[in-house]
Amino acid sequence: MRFRVAGQKLKNIAVRAEVAVNRLLGREFIPVDVGAFNIETTSVCNLNCRFCAYEKKLSPRVTMANDTFADVVEQAVALGFDRFHLTPCTGDVFMDRHLLEKLRYLDGHPKVRGYHFFSNLTIPTHETLLRLMALEKFERMVISVYGHDEASFVAITKASPKIYRRLLANLETILAHHGRWPFRVSIGHRSSFDAVASEASELMKLLARCKRAGIAVNASHGMYNNWGGYVTQRDVDGLNMYVTPADGTVKAGACVKLFDSVQVMANGVVNACACRDVDATLAIGNIESEPLADILSARNAEYRRIIDEQQAGNFRPVCKGCDFYRSIYHQPKSYRQGRVPVQTIVEYLAAIEQRARTQRSTAEARTAQRPVRPPAGRTGAAR
């Protein structure tokens, strides 16, 4: 544990120096392609993981109605987005009883290229998983596995042994149909520093079988984010875990998440961070009262205010304590290796404003066209 913590501290020192130089030289690293648009279909979870902010958040625990979901997709597509990320900020997509209806809607939309999400895989039935095979545009599912045996799973998630058994059963289903899933499957394995590499438990044996079958299993044990200060070391007492302290990350300039991780939350709030701001203290609008084109716009005063605050070194509490922050003046190794095209804040704001102008100019014509049918079945009203 000591070596990993020390390694992280050394990395932070190097990043601090890089950020200072790049800011002095005016180099900013916002990706030109900001990726998939984030929609939270539900903010409800079935687990109460001790390293997560879910239990502490004050925001509503609701599920997005199908008609609202369809409207958000239509507006995002009109702004040029064609891929969607459905992982909740806190929650699990399978807690949405109308998830399959929403996925079929995305599948049938002519302007949607693909979508993906993360799940703890402790909720769906065997039949629900098999229904995913019929989806053509579902690109990727990342399975989050917690613990390394039944005892650690229960201790970390505060769930029951029954939920643990369901996870094992669903992993068996994934493995049994490996090669037939029309989407990519990978596993993120998180436990404590007590996790062992050996196949000592039924779960570890199952994960080893997944590896041998060619399913990527990415293990990272012991070190956890603090969720913008919501989670502290006290929350994981007795679990042999290390929570990064709130003052452990250097803050200099706007966080890149303000640009590539805007999310429409399950209650309609549009938040500037899909990653760790569980109570939407970075809210920049509400899809129920204003068009997405006016929210995701350089003319949105609140959006500009948050960006300007961070550029000036003024971070709101959730950002001040966040260790998931990444400065726009930091160029990740993956950007260098992949030659990822980047832009400045000025260029980003100009680009989204151009998108908004294009959307506004075609709004009347789009309204006159026959819309894609909303998700079939019940409306899936928020609960």
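At 33% relative accessibility, Glu172 counts as partly exposed, a class that lies between buried (under 20% relative accessible area) and exposed (over 50%), as computed with a 1.4 Å probe on protein chains only. Arg209, with a relative accessible area of 34%, is likewise partly exposed. These two residues form a salt bridge in which the closest N and O atoms are 2.9 Å apart; the term denotes a side-chain nitrogen of Lys or Arg within 4 Å of a carboxyl oxygen of Asp or Glu. The pair links distant parts of the chain, Arg209 in helix 7 (residues 202–213) and Glu172 in helix 6, 37 residues apart. Helices (H or I, at least four residues) and strands (E, at least two) are DSSP runs numbered from the N terminus.

The model is predicted, and local features need pLDDT of at least 70, side-chain atom pairs count only at pLDDT 80 or more, and totals for chains, interfaces and linings use all residues. Residues are numbered from 1 along each chain as its sequence is written, and side-chain values use heavy atoms, with hydrogens and water left out.

In total, the structure holds 12 salt bridges. One of them joins Glu55 to Lys158, with the closest N and O atoms 2.9 Å apart. Glu55 is placed in the loop between strand 2 and helix 2, and Lys158 in the loop between helix 5 (150–157) and helix 6, 103 residues apart. A further bridge connects Arg305 and Glu302 (2.2 Å, N to O). These residues are three apart in helix 10 (residues 301–311), so about one helical turn separates them. Glu302, Arg305, Glu309 and Arg316 are linked in a network of salt bridges.

The largest nonpolar core comprises 110 residues, of which Phe37, Phe84, Leu86 and Phe259 touch the most other members. Such a core is a set of buried Ala, Val, Leu, Ile, Met, Phe, Trp, Tyr and Cys residues joined through side-chain atoms within 4.5 Å.

Twelve aromatic pairs are present in the structure; rings of Phe, Tyr and Trp (its six-membered ring) pair if their centres lie within 6.5 Å, and planes under 30 degrees apart count as stacked, over 60 as edge-to-face and the rest as tilted. The rings of Phe37 and Phe81 are tilted because their planes stand at 45°, with centres 5.0 Å apart. Phe37 is buried at 2% relative accessible area, and Phe81 is buried at 7%.
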